[in-house]
Amino acid sequence: REARVAGVDFDGIVRAVLKGQDVGNAGSTGGEGLGFEVFDNTSAAFGATDDDGQPIQSTRSKREKSTPQALTHRLGEMEGTLWTRLAEYHVRAGDFELARSVYEEALDGITRVRDFSLVFDAYVKFEEGVIEALMELMEEDEEEEEEGNGEGAKDSDEKGLEADNEDLDILLGDNAHNTVSNDEDAADSSADVELAISRAEHLTSRRPLLLNRVLLRQNPHNIGEWIRRSQLYLGLGEADMAASALEESLKAVDARKCVNGSPSTLVLTLVDTLEHKQKNVAEARNVLERICSKDEYDFADSEDLAQCHAAWVELELRQENWDMALNLARRATSGKKVSKAARGLSRSLRLWNLLFDLEESLGTVQTTKDAYDRALELKVATPSHVLNYASFLKDKKYFEESFAAYERGLGLFPFPHAGGILLWKNYLTEFLERYAGSKTPRARELFDRCLAECPPEESPEFYLLY
């Protein structure tokens with residue numbers, strides 16, 4: 001009240017400083033717009049000068065031509081204090097709704113956990129104070145109703161109620177309050193208390209989300225905090241908000257700057273939320289199509305994109321779209337992509353393993369052979385893939401092609417590779433079982449090749465088999 005009587009725009013001064021800090025964060029240059037013009041203009045109006053006789057404003061401009069980050073650093077520790085002081089100013093002036101808006105604005109703008117704690121604790125204390133004041137007014141009303149007798153008592157009650165109504169106007173931020181009967185006034189007072197309690201409870205329940213938002217303002221590339229935000233919304237039963245938060249994360253997170261997780265986790269969590277929480281399979285499929293086919297998100301690592309492709313295939317399998325799942329797996333490993341991450345899909349073991357499983361269970365013998373042959377040509381096959389390929393051909397009675405698969409595998413994994421030892425053992429065992437003493441010259445040739453290349457420490461087992 002004294003500040004207003006003196007003509008001091010306290011609100012304008014504090015907001016100018018806080019706004020100046022925001023401008024600095026935005027990357028402005030020089031000293032303009034940094035919040036000190038309020039003081040500079042006042043000093044210049046009175047012709048104030050420094051020790052060298054220069055106007056204060058020009059000195060300020062010279063000093064503030066340092067980096068804006070320096071101003072941010074100086075005011076950063078005081079940001080929460082400035083917001084709380086501004087809110088308290090409006091509380092003392094009786095502008096409770098304006099004070100609430102200041103608290104909310106502060107919680108939406110601060111970037112430090114310390115400042116958040118200061119503002120949030122002050123906000124909670126303010127709401128608790130409102131509840132206490134309303135409770136006291138209710139108790140006073142009840143006492144006056146019990147003590148009031150006769151017309152004189154009624155007159156005094158009416159005067160007391162009018163005074164209480166004025167107090168309620170201040171507490172609830174209302175500009176008008178209609179005169180009502182004692183019963184109606186008691187009911188309104190009870191409703192006001194319930195409203196204040198609901199406000200306080202709602203504020204307390206929002207704390208984890210508000211704190212999470214502060215941490216995301218500190219680093220929007222923190223994947224763990226985005227996942228936590230979606231989990232907080234799911235805990236509140238707000239699946240739509242959880243999905244919206246994850247959609248927002250895909251726009252905010254840079255794959256080359258992300259920390260505390262991989263970008264694919266955001267996509268997989270979003271798909272899981274849409275499919276299982278919202279029961280919206282079509283939207284989940286749409287998200288995967290945007291990520292995998294339209295390259296909507298720029299992945300830095302091809303393995304992250306491979307996880308998304310695998311998730312799409314698994315989604316179609318859960319929906320029993322067998323042909324669609326098989327086609328997606330084939331397309332993912334085709335290598336016909338534009339982006340760098342997409343080109344690396346053809347070397348993803350995750351996708352090749354998925355493709356082999358689907359081909360063996362859903363495809364034909366020829367398509368399965370084509371898949372294994374292409375993996376061997378690209379040199380992405382592992383010894384276990386070679387063994388599976390040979391076993392698959394043996395089960396289909398393609399014995400010679402099975403032995404040819406072993407030969408190709410030995411070309412990729414010669415001695416002393418551990419895979420070469422495993423392949424030779426299975427190759428020789430399968431050959432001896434197949435021909436059972438026949439084609440002895442060919443068997444002898446295989447053993448001679450093996451022992452000629454085999455390390456000495458591994459040779460005893462092959463000699464005994466020979």
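User: Hi! What share of the contacts in the chain with a separation of 6 or more comes from residues 24 or more positions apart?
Analyst: Residues 24 or more positions apart account for 60% of those contacts, where contact means heavy atoms within 4.5 Å. Keep in mind that this is a predicted model, in which local features need pLDDT of at least 70 and side-chain atom pairs count only at pLDDT 80 or more, while totals for chains, interfaces and linings use all residues. Residues are numbered from 1 along each chain as its sequence is written, and side-chain values use heavy atoms, with hydrogens and water left out.

User: Thanks. How many helices and strands are there?
Analyst: The chain has 25 helices and zero strands. Helices (H or I, at least four residues) and strands (E, at least two) are DSSP runs, numbered from the N terminus.

User: And how much of the chain is buried?
Analyst: Of its 466 residues, 40% count as buried. Buried means under 20% relative accessible area, exposed over 50%, and partly exposed in between (1.4 Å probe, protein chains only).

User: Let's talk packing. How do helix 12 and helix 13 cross?
Analyst: The axes of helix 12 (residues 223-235) and helix 13 (residues 239-252) come within 7 Å and cross at roughly 165 degrees. Axes here are lines fitted to C-alpha atoms, for helices over the stretch in contact, and angles run from 0 to 180 degrees between N-to-C directions. That makes helix 12 roughly antiparallel to helix 13. For the wording, angles under 35 degrees count as roughly parallel, over 145 as roughly antiparallel, 65 to 115 as roughly perpendicular and the rest as oblique.

User: Which residues make that contact?
Analyst: On helix 12 they are Trp 226, Ile 227, Arg 229, Ser 230, Tyr 233 and Leu 234. Helix 13 brings Ala 239, Met 241, Ala 242, Ala 245, Leu 246, Glu 248, Ser 249 and Ala 252. The residues of this contact between helix 12 and helix 13 divide into ten nonpolar, two polar and two charged. In that scheme Ala, Val, Leu, Ile, Met, Phe, Trp, Tyr, Cys and Pro are nonpolar, Asp, Glu, Lys and Arg are charged, and the others, Gly among them, are polar.

User: What sits in the loop between helix 13 and helix 14?
Analyst: Val 253 is found there. Val 253 counts as buried, with 5% relative accessibility. Not counting residues up to four places away in sequence, Val 253 touches Pro 220, His 221, Ile 223, Trp 226, Cys 258, Leu 266 and Tyr 297. The C-alpha atoms of Val 253 and Asn 222 are separated by 7.6 Å, though these residues are 31 apart along the chain.

User: Now the backbone. Which peptide bond is cis?
Analyst: The bond from Phe 415 to Pro 416 is cis, with omega near 5 degrees. Pro 416 is in the loop between helix 22 (399-412) and helix 23 (418-435).

User: Where does Lys 279 sit, and what is its phi?
Analyst: Lys 279 is in the loop between helix 14 (263-277) and helix 15 (281-292). Its phi is positive, about 55 degrees, although Lys 279 is not a glycine. Lys 279 is exposed, with a relative accessible area of 64%.

User: And Asp 295?
Analyst: Phi of Asp 295 is near 50 degrees, a positive value in a residue other than glycine. Asp 295 lies in the loop between helix 15 and helix 16 (302-318), and at 34% relative accessibility Asp 295 counts as partly exposed.
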